[in-house]
Amino acid sequence: MNSATDTQQKQPQAVEEQSSTVRDFYQLLKPRVMSLVVFSGVVGMYLAPGAIHPLMAVVAVLCIAVGSGASGAINMWYERDIDQVMNRTQHRPIPTGKILPAHALEFGVMMALASVVLMYLATNIVAAGLLLAAILFYVFIYTIWLKRRTPQNIVIGGAAGAFPPMIGWAAVTGDIAIESFLMFAIIFMWTPPHFWALALYRNEDYTKAGIPMLPVVAGQATTIKHMLVYTLLLVALSLVPSFIGMSGIVYAVGAGVLGLLFIKHAVGLYLGYTEKKARGMFFFSLIYLFGVLTLLVIDQLVGKF
């Protein structure tokens, strides 16, 4: 039965593959995820002490974007079976037959290699090594090892998305400092409540696909408790830059306000789940992280005047 289904799926894919467009390959790169990755990498680069040639800075940002996109393409290749099942992912290029799995894998691997080599040539071995580590972590640790095996998948796997500020920092300085690691830690701590909010209102999708996200395995109430704890820890951690001299009062006040709003969303869910509240927390979490990173930049700009 599976063989017959596979045969039925392969023939339309072969026809559609001939009409693949640039847009189809662009969608393989997970552009919405890439935008946050690139932004956090730029922030890390801007906050780093020292100077980098503008052209090399542009190349470094491009490498971060391409490396992120390559990870996304390989992720789509590996998860093509569950992407066909989930409503959220059924329209991706591989499930719809617009790009053959083998072509997606080749595209992702070549992009990954190119991004790391170019980063090394344009900046330094530390930045290139961190970029390689982020790609390998996302593909092998999160996608292949953790995602289908443990409800802690997004907790541990979130490290992959936290690398960009460190990469940007290292592109300028050639090293890893407490400031860059702190940005890594903030994104790492932000990831669980962000993705668990999504998993709450997409619970049916993950259940159908057999992905052991926390809401699927532990239930709604336990997930929300975990989200509240991580949110509180995140907000506390986000204020550390002001205590170590990395930022000043502008950041402290702004991050404090954003943190209270994030906690408000988490408490609201704790007091009573609704899909609207889960969606609200998910979308606010994006605003929160962009806001915190932007405040770090604004604070440094204000400090120069």
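This briefing walks through the nonpolar core, the aromatic pairs and the salt bridges of the structure above. Please keep in mind that the model is predicted. Its largest nonpolar core holds 98 residues, and the counts come to twelve aromatic pairs and four salt bridges.

**Nonpolar core**

- Six residues touch the most other members of the largest core: Leu 28, Met 119, Ile 167, Trp 190, Trp 196 and Tyr 288.
- Helix H11, spanning residues 178–201, supplies the largest share of this core, with 14 residues.
- As background, nonpolar side chains in soluble globular proteins tend to be buried together.

**Aromatic pairs**

- Among the twelve aromatic pairs is the edge-to-face pair of Phe 163 and Phe 184, with 5.5 Å centre to centre and 75° between the planes.
- Phe 163 sits in the loop between helix H9 (159–162) and helix H10 (164–173) while Phe 184 belongs to helix H11, so this pair ties together parts that are 21 residues apart in sequence.
- Phe 163 is buried at a relative accessible area of 12%, and Phe 184 is buried with a value of 12%.
- Phe 282 and Phe 283 also pair edge-to-face, at 5.2 Å centre to centre and 75° between the planes.
- One aromatic cluster is made up of Phe 163, Phe 181, Phe 184 and Phe 188.

**Salt bridges**

- Lys 147 and Glu 79 form one of the four salt bridges, their closest N and O atoms lying 3.1 Å apart.
- This bridge links distant parts of the chain, 68 residues apart: Lys 147 is in the loop between helix H7 (125–146) and helix H8 (153–157), and Glu 79 is in the loop between helix H4 (54–78) and helix H5 (80–83).
- Both Lys 147 and Glu 79 are buried.
- Asp 83 and Arg 92 meet through their side chains in another salt bridge, 3.2 Å from N to O.
- Asp 83 is buried at 2% relative accessibility, and Arg 92 is buried at 18%.
- Glu 275 and Arg 279 form a salt bridge with an N to O distance of 2.9 Å.
- These two residues lie four places apart in helix H17 (residues 275–303), so about one helical turn separates Glu 275 from Arg 279.
- Glu 275 is partly exposed at 41% relative accessibility, and Arg 279 is partly exposed at 31%.

Conventions: Residues numbered from 1 in each chain as written. Predicted model: local features only at pLDDT ≥ 70, side-chain atom pairs only at ≥ 80, totals over all residues. Heavy atoms only, no water. Core = buried A, V, L, I, M, F, W, Y, C linked by side-chain atoms within 4.5 Å. Buried < 20%, exposed > 50% of the residue type's maximum accessible area, 1.4 Å probe, protein only. Phe/Tyr/Trp six-rings, centres within 6.5 Å; stacked < 30°, edge-to-face > 60°.
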